[in-house]
Amino acid sequence: RNSLDLDEVIALDRAATLHPFTSLHGHAHGTAETTVVETAKGSRIRDGAGREFIDGFAGLYCVNIGYGRTEVAEAISAQAHKLAYYHSYAGHTTEQLARLSGRLVAMAPGKMSKVFYGLSGSDANETNAKIVWYYNNLRGLPAKKKIIARERGYHGSSVVSGSMTGLSFYHDHMDLPRPGILRTGVPHHYWGAEAGESEEQFSLRRARELDELILCEGPETVGAFIGEPVLGTGGITPPPMGYWPAIQEVLRKHDVLLIADEVITGFGRTGAMFGCDMYGIEPDLITIAKGITSAYVPLSASIVGARVYEVMENASEKVGAFAHGYTYSGHTLAVAAANAVLDIVEREDIPGQAKTTGAHLQKTLHRAFDGLPIVGEVRGVGMMAAIEFVADPAARTRFAPELKVGARIAQAARDRGLIVRAMPHGDIMGFSPPLVMSSQEVDEMVAIAADATRHVM
Ligand code: PLP
């Protein structure tokens, strides 16, 4: 027998799988729901019990081109038949790998030079941190190593990336953050602005605080700043007006590198190809994952800017080979999948679709949620959006955490056939659907979300 019935799958899973971000006791003892996902097409997934859900989160902000694209499956299969794997150490390459590197350097924002491959956003951020340290060692600046990350930033859950993540939920009981990671304020006007402070004034204050932090630590000790162009897991929050220009001015003044974490925003989600394009960001290092393969196969990359790479190459005769890499760096199946996905991204103008459908999404969310008695803020850009629920919108007060308002609304949506995410910080319903979702599906999604909210209100 080579297939299990649904109850057998659930029993085996409860007995033997350690799931990420899952209540262990609840899962093992069946008091929390176990969903067996079986098939998916477009923007919808179907479970083992035959229930269908609109996937308002594209998996985890990643299935940008939608589920079930046979063109990608065929590209992976063709590559598997020809050559499933060879490593990329010591200059070994494949046609697919070279092709992908060339197109990524050409399409990336700023002056980029080389692409280093990994398998997850977390490991690509580890790579970028190591490149910052390596670069400053090679420049003879061994003290310039601290990395500044933001409150509520999310950069992954491995040791360095988890330390850069600024959400305590990911640190508690895990001995994170590690030393050498500094924190600066989150650019969220709704919660952070002082009375009467405009977005521009608030952005300038955040930039001043960054400047003061660097001066207080000593610019000779600060190597890099990392940020998501649009804050993702920390609450899906677009930057306030003027934020990125002001931040970049401070970084340039102190010779601090900028790492743009484009794991969510890369490949169209904001309505531009990269978040950096959207906000005029000129990064030194870029982190990409998720959308690069639309999650058909794991793949991530660090894109290294020209000024950083030049130092690395110039020193290499002296220091030897770049001593960093993984067995699966540039995995042959993953780069083949990425090329097939990027063919679709370019041919179907996925960023353009995200811009058009995203404008509809934002408008529809405002129409459905603005002014509801528990809605504090409706925000977003392109195909990422959030509704922030508050106890009192006039006084801007939060619900008590034990009321679990965000989680209850997400559950009510799920009961109605829609997957949205209760974000880990505050009471926030997050949307990040496939970029190919139609306007009609957006209407359906928002109607269900509004119904779920009224049910809990
Ligand atoms: N960076 C950002 C901005 C992310 O949103 C994520 C994941 O959601 C990561 C990094 C980590 O990626 P992964 O889960 O693939 O390690």
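Student: How many residues does helix α9 have, and what distance does it reach from its first C-alpha to its last?
Tutor: In this predicted model, helix α9 runs over residues 199–217. At 1.5 Å a residue a span of 27 Å is expected, and the helix comes close to that.

Student: Where on helix α9 do its buried residues fall, seen down the axis?
Tutor: The buried residues of α9 are Phe202, Ser203, Arg206, Ala207, Leu210 and Ile214. An α-helix has 3.6 residues a turn, so residues three or four places apart point the same way. Seen down the axis of α9, the buried residues fall within an arc of 140°, so they line one face of the helix.

Student: Which residues on the other side of α9 are exposed, and which elements do its buried residues pack against?
Tutor: The buried residues of α9 pack against β6 (181–184), α8 (189–192), β7 (222–227) and α10 (243–253). On the other side of the helix, the exposed residues are Arg208, Glu212 and Cys216.

Student: Why is threonine 22 classed as partly exposed?
Tutor: Threonine 22 lies in the loop between α1 (6–16) and α2 (24–28). A residue counts as buried with 20 or more other C-beta atoms within 10 Å of its own, and as exposed with 12 or fewer. Threonine 22 falls in between and is partly exposed, because the number of other C-beta atoms within 10 Å is 13.

Student: Which elements give two or more residues to the side of domain 1 that touches domain 2?
Tutor: The domain assignment gives domain 1 as 35–65 + 350–456 and domain 2 as 71–347, and their C-alpha centres lie 26 Å apart. The contact takes 29 residues from domain 1 and 27 residues from domain 2. By class, the side of domain 1 that touches domain 2 has 16 nonpolar, 9 polar and 4 charged residues. The elements that give two or more residues to this side are α3 (58–61), α14 (350–369), β11 (375–381), β12 (384–389) and β15 (428–431).

Student: Which helix gives the most residues to the shell around the ligand?
Tutor: The ligand is surrounded by 15 residues, and the closest are Ser120, Gly121, Ser122, Gly156 and Val263. Sorted by class, the shell has 5 nonpolar, 8 polar and 2 charged residues. With 3 residues, the element that gives the most to this shell is helix α6 (residues 121–138).

Conventions:
Residues are numbered from 1 along each chain as its sequence is written. This is a predicted model: local features need pLDDT of at least 70, side-chain atom pairs count only at pLDDT 80 or more; totals for chains, interfaces and linings use all residues. A residue is near a molecule or strand if its C-beta atom, placed from the backbone, lies within 6 Å of it. Helices (H or I, at least four residues) and strands (E, at least two) are DSSP runs, numbered from the N terminus. Ala, Val, Leu, Ile, Met, Phe, Trp, Tyr, Cys and Pro count as nonpolar, Asp, Glu, Lys and Arg as charged, and the others, Gly among them, as polar. Domain bounds come from an automatic or database domain assignment. Two residues are in contact if their C-beta atoms, placed from the backbone, lie within 7 Å. The expected span of a helix is 1.5 Å times one less than its number of residues. The arc is that of the directions from the helix axis to the C-beta atoms.
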